[in-house]
Amino acid sequence: MMLRTHILGFPRVGENRELKFALERHWRGEISLDALEATGRELRARHWGLQRAAGLDFVTVGDFAFYDQVANHIQLLGCEPARFGFSGAEPELSRYFIMARGVAREGAGVNGVDNAGHPALEMTKWFDTNYHYLAPEFSADTIFSLQSERLFSEIEEAKRLGHTAKATLIGPLTFLWLGKEKTAGFSRLSLLEKLLPVYRQILARLRVQGVTWVQIDEPILGLDLPAQWQQEFGPAYHHLASAGVKILLASYFSPLKDNFNLACRLPVAGLHIDAARAPEDALFAADWLPAHKVLSLGLIDGRNIWRADLDRALDFLRSGRLSPQREIWLSASCSLLHVPFSATAETGLDEELRSWLSFAAEKLQELQTLKRAMEGDAVADALLAESRKILESRQASRRVHAPEVGERLAALPDDIDRRPSPFPQRRLAQGARFKLPRLPTTTIGSFPQTAAIRAARAAFRRGEMPLADYTEAMRNEIAKTVAAQEKLGLDVLVHGEAERNDMVEYFGEQLAGFAFTSNGWVQSYGSRCVKPPIIYGDVSRPRPMTVDWSRYAQSLTQKPMKGMLTGPITILQWSFARDDQPRAVTAEQIALAIRDEVIDLERAGIGIIQIDEPAIREGLPLRRAAQGEYLAWATRAFRIAASGVRDETQIHTHMCYSEFNDILPEIASMDADVITIETSRSDMELLRAFGAFHYPNEIGPGVYDIHSPRVPSVEEIENLLVKALEVIPVERLWVNPDCGLKTRNWPETKAALAHMVEATRHLRATGTAAQAQNP
């Protein structure tokens, strides 16, 4: 059996987030495009060097992106949306960042490109991950042409460094699937005929450069595809096969199921299987993939951070299911973009816990160990023995299980997830308590995290600032934020979350069963990185987490103050969860901890409590057959967290940057009194789905995009609100930004919120709100 090793992709931000800091320096005007490009070259060289040092047979080229790999393909394929008005003479990266971020202010340009007034591309979740991609925009007028030289330049970089390069591309059908149709009655699949010649041209260029293998990712093969999309795969790949380069077709995140035979029959030289998420596919492929094709096995989990069970992987490889004549490639299940860089830097963790972990760099070593073991290398025996010992220590560790947590779960009453009264009755009680105007204005929770806030928090963590001084500093920031909101005229206030480093990490640090890394960063989008907690054991809440901060903020104002919490499913999804018990059990443990906090906030006089669940759609299995079970336990976990309060206490939730159309009944079943959602980048597209569904409770569609520095005009916000009023009754409509304001600065924040309040007041004063309900 011939064995090779490779990976589908590597974390691009760098061991110490070098890309993040270079991007932000460029956006502030501190470094040039050339300097930013130099950082990219340095990171690519370093990451290819790690792959080669680990004995991989190929380095992967094309996985690097300055913001997002889908945006890279928009430029590679020459389909930048015409609405941006690019002439083509502007620097490529300048156009790239305008598509990603919009522009800073009306009438301004970026790097000489005058595109004020054009919002950024819509951003949404990459399948069921917390990575966000920029959605291509398609219409009948979309044209494709080979435009960017970036991929080919990176191939030359790798060759100069002496590497054997495997190029990687997002497949043509997946690229179209990920896009948005911007013309009514138009199907983006109709563009495939125009797109394929460009893909073939790319493959032919790569062949001329000496590239023998191209990895083409088609993760939509793990979805329940419409028949028309399935039928296009065969002709499409027959067209691409004529380019004369070997294609490794890669699918991941979900079982192939009804697409399995299709994937095996396509005229490609190899097939990659996600053996972590779909182990059954590996068994089927061993039997049914034609013997002349390479079988790439993703035996190392690319989505989680636990050390692999190498003995189990070797048992499969040695089981006799694999033909000795077949060429096998060993790999991670998916790109390692979704895990941190290296666990060796985590010296703050105790040795036992750290030994359980495997980040991107360690996963390269696990692949090398598997290959050595299969080749009979004696060095592998010692490595396998050490791995076996560590896995046994985790299974036996007392820190993993807390008997009292299991006992509480077992004793839950049947009505633990139900509010005392239905929504119409609660709505009357809440209206009498808060007496809010029509179209109440609020924000989603966080306010700008200034350098002073970050410095104080860092000093406190290092032990350089006493608790009393830190508390005073955070209270001063809270007072500043409350005063700003009152001056702006917002109706429901927030404390601004100055004390919080991250919406998941902040809570995990105060819950039992969690551990935290110092450098375990993962890219979420662009320069935005998150540091997911690690759930290693049973979860409980030792003490209140947010009550003192919310009580203090409420003491500063007569207006309602929202208590701000992160929901159980988002905490689960945005953590590296334990893999030794069902996720549903972990979710209920977290839900009970959040429930305790909700009840304590109510006792402290906080009448509006927001439990954010932006990740509930993200956790949805990609295959419909598995979705019902997930939605049942996920929505139950939210209701457990939210249902311990009286009728007059108003529960909010927030969701963003996902497609919710197919789970609206389940969202309604969560029974939040108010839901706020991201809608501005999609021009209220998502809200129309809520309206068509007749969503029964109150709803706040985001009226401006907080991920762009661009400040929307009053007229723009007012136009979006008028669209919202066409589908949602005025008495059930709230007004708010798309998401939290943590990443924005204060001038942008105040200007945008002032426009939001002005637009709302104008609608109230002119009666437009009423007219929209009675055309």
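Let me start with a network of salt bridges, which links Asp224, Asp258, Arg623 and Arg624. Before going on, please keep in mind that this is a predicted model.

The search over the whole structure returns 56 salt bridges.

The next pair is Glu618 and Lys125, a salt bridge in which the closest N and O atoms are 2.7 Å apart. Here too distant parts of the chain are linked: Glu618 sits in the loop between strand S20 (608–612) and helix H23 (627–642), while Lys125 is in strand S5 (residues 123–125), and the two are 493 residues apart. Glu618 and Lys125 are both buried.

The last pair is Glu716 with Arg710, whose side chains meet in a salt bridge at 2.7 Å, N to O. Is Glu716 buried or partly exposed? Its relative accessible area is 24%, and the cut-off for buried is under 20%, so Glu716 counts as partly exposed. Arg710 has a relative accessible area of 8%, so by that cut-off Arg710 is buried.

Now the nonpolar cores. The largest has 144 residues, and the members that touch the most others are Trp126, Phe144, Phe175, Ile202 and Tyr237. Which helix gives the most to this core? That is helix H7, residues 192–208, with 8 residues. Take Tyr237 as an example: beyond its neighbours within four places in sequence, Tyr237 is in contact with Gly171, Pro172 and Leu173, with Ile216 and Glu218, with Ile247 and Leu249, and with Leu266, Pro267 and Val268. Another core lies apart from this one; it has 104 residues, including Phe507, Val645, Met670 and Met684.

Strand S1, residues 2–5, has Leu3 and Thr5 on a covered face, and Met2 and Arg4 on an uncovered one. Why would the residues sort this way? In a regular strand, side chains alternate between the two faces of the sheet. Strand S1 runs parallel to strand S14 (residues 327–332), and 4 bridges join the two. Within that pairing, Arg4 stands opposite Trp329 of S14.

To finish, the chain as a whole. It contains 28 helices and 23 strands. What radius of gyration does the protein chain have? The value is 26 Å; a compact globule of 775 residues would have one near 28 Å, so the two agree. Along the principal axes, the C-alpha atoms fill a box of roughly 75 × 65 × 50 Å. Of the 775 residues, 63% are buried. Taking the contacts between residues at least 6 apart in sequence, 79% join residues at least 24 apart.

How values were computed: Residues numbered from 1 in each chain as written. Predicted model: local features only at pLDDT ≥ 70, side-chain atom pairs only at ≥ 80, totals over all residues. Heavy atoms only, no water. Core = buried A, V, L, I, M, F, W, Y, C linked by side-chain atoms within 4.5 Å. Buried < 20%, exposed > 50% of the residue type's maximum accessible area, 1.4 Å probe, protein only. Contact = heavy atoms within 4.5 Å. Pairing = 2+ DSSP bridges. Rg over C-alpha atoms; globule rule 2.2 N^0.38 Å. Salt bridge = Lys/Arg side-chain N within 4 Å of Asp/Glu carboxyl O.
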